[in-house]
Amino acid sequence: MAEKRLKTSIAILGCGEVGATLAYTLLQNPICSEVILVDPKKELLEAQVRDLGDATYGSRATTKIRAGTHKEAGQADIVVVTAGAKQKPGESRLSLLSRNLHILSSIFTSMSPISPHTILLLVANPVDILTYFARKLSGLPESQVLGTGTSLDSARLRGILAQKAEVSPSNIDAYVLGEHGDSQFVAWSTASIGSTPLHLALPNTLTEEFKTEIANHTRGAAGAIIAAKGCTAYGIGNVAASICKYILFDGRTVRPLSFYQSELGCCLSMPAVIGRTGILRTMPIQLDQEEQKLLEDCAKGLRAVIKGAEKELKADDELSQALEKHA
Ligand SMILES: NC(=O)C1=CN([C@@H]2O[C@H](COP(=O)(O)OP(=O)(O)OC[C@H]3O[C@@H](n4cnc5c(N)ncnc54)[C@H](O)[C@@H]3O)[C@@H](O)[C@H]2O)C=CC1
Ligand SMILES: CC(=O)C(=O)O
């Protein structure tokens, strides 16, 4: 029991491209005692654990990796859900909804009873919609259920702006907000380089044309990478590992994350402070009129998807029972 209390564990559900990349990132930058991988593909699971284990021998690695069950995962400090289908080239994230919602529901059935202290981090797509249903299926408090949301899009935005402005990405403070998907938008009015507002830092560059080009580049990044290599993994591996660190180390770090927005009736990304108990609080952001409209349109679109999914769920006995359990 004493040993259990001293251990910190991160369970990763799904050990495909994203799950394995996240596990590798966590082994290279240790933040917990143990990483537990769970996947119904037994041969793949065993091979990933062996291959990842090989990366730890001979170094000063402090994190152990092992295969586990969904039940064990349900007792981890953090459960990261990467389990699910991914987009084929040209497919949208939303097209994955029906398949991934079924997987999500089966995961919660298998993990039950989930520890009341577990923090759930959703990665699988469509991440905002799955985060919304994970809240309902897990029965955990809202603050403990979050999605990576537009963290990855914001990292991509920082990268391209840093190139254009010829400064380090760490000096760019700019967010993509809303859906991790096509209705996302850049909060240009709040963006800065260091403490200098973007319009002062890039006075001749920040035209409407430039903003459209950057926003399209950011929105289209996943599609372009998937068209060429079939998946994206390194970016999200790094983003998800950082979020796990902010949680376990009680970083109180501000990040654009997907979580339930009661006034909008859906999960989407807004800046939040994250720490040991998950979402500690929302960080208010002053959007301009146009951005506020984009946020509301984005929420409207997500609510419509949720409504459609709820209808589909009602027709599916197993899923509707799973949802009712925590209604
Ligand atoms: N939110 C984000 O920014 C990003 C999200 N993604 C999403 O992450 C998900 C995973 O992507 P990949 O790893 O490339 O796919 P993948 O196909 O390589 O791996 C998915 C794994 O999930 C496993 N799985 C299926 N049902 C399971 C269950 N009940 N329990 C545990 N594991 C289960 C599969 O067996 C498979 O090994 C996709 O939905 C993808 O769209 C990917 C990149 C970025
Ligand atoms: C696949 C995905 O959601 C991304 O790379 O943004």
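This is a chat about a predicted model of one chain with a ligand.

Biologist: What secondary structure does the chain have?
Modeller: There are 12 helices and 14 strands.

Biologist: And the overall dimensions? What box do the C-alpha atoms fill?
Modeller: Along the principal axes, the box is roughly 60 × 55 × 40 Å.

Biologist: How does the radius of gyration sit with a compact globule?
Modeller: It agrees. A compact globule of 327 residues would have a radius of gyration near 20 Å, and the chain has 19 Å.

Biologist: What share of the residues is buried?
Modeller: Of the 327 residues, 43% count as buried.

Biologist: What about contacts across the sequence? How many join residues at least 24 apart?
Modeller: 70%, counted among contacts between residues at least 6 apart in sequence.

Biologist: Domains next. Which ones does the assignment give?
Modeller: Domain 1 covers 9-147 and domain 2 covers 150-305. Their C-alpha centres lie 22 Å apart.

Biologist: How many residues does each put into the contact?
Modeller: Domain 1 gives 35 residues and domain 2 gives 32 residues.

Biologist: Which elements are on the domain 1 side?
Modeller: Those giving two or more residues are helix H2, strand S4 (78-81), strand S5 (119-122), helix H6 (127-138) and strand S6 (145-147). The largest share comes from H2, with 7 residues.

Biologist: What is that side made of, by class?
Modeller: The side of domain 1 that touches domain 2 has 19 nonpolar, 9 polar and 7 charged residues.

Biologist: Now ligand 1. How many residues surround it, and which are closest?
Modeller: The shell holds 33 residues. Gly-14, Gly-16, Glu-17, Val-18 and Ala-83 are the closest.

Biologist: Which helices supply at least two residues of that shell?
Modeller: Helix H2 (17-28) and helix H5 (97-111) each do. H5 provides the largest share, 4 residues.

Biologist: How does the shell split by class?
Modeller: Around ligand 1 there are 17 nonpolar, 12 polar and 4 charged residues.

Biologist: Last one. Where does ligand 1 lie relative to the domains, and why?
Modeller: Ligand 1 lies between domain 1 and domain 2, because both give residues to its shell.

Key:
Residues are numbered from 1 along each chain as its sequence is written. Chains are lettered from A and ligands numbered from 1 in the order in which they are written. This is a predicted model: local features need pLDDT of at least 70, side-chain atom pairs count only at pLDDT 80 or more; totals for chains, interfaces and linings use all residues. A residue is near a molecule or strand if its C-beta atom, placed from the backbone, lies within 6 Å of it. Ala, Val, Leu, Ile, Met, Phe, Trp, Tyr, Cys and Pro count as nonpolar, Asp, Glu, Lys and Arg as charged, and the others, Gly among them, as polar. Domain bounds come from an automatic or database domain assignment. Two residues are in contact if their C-beta atoms, placed from the backbone, lie within 7 Å. The radius of gyration is taken over C-alpha atoms; the globule rule is 2.2 Å times the number of residues to the power 0.38. A residue is buried if 20 or more other C-beta atoms lie within 10 Å of its own, exposed if 12 or fewer, and partly exposed in between; C-beta atoms are placed from the backbone.
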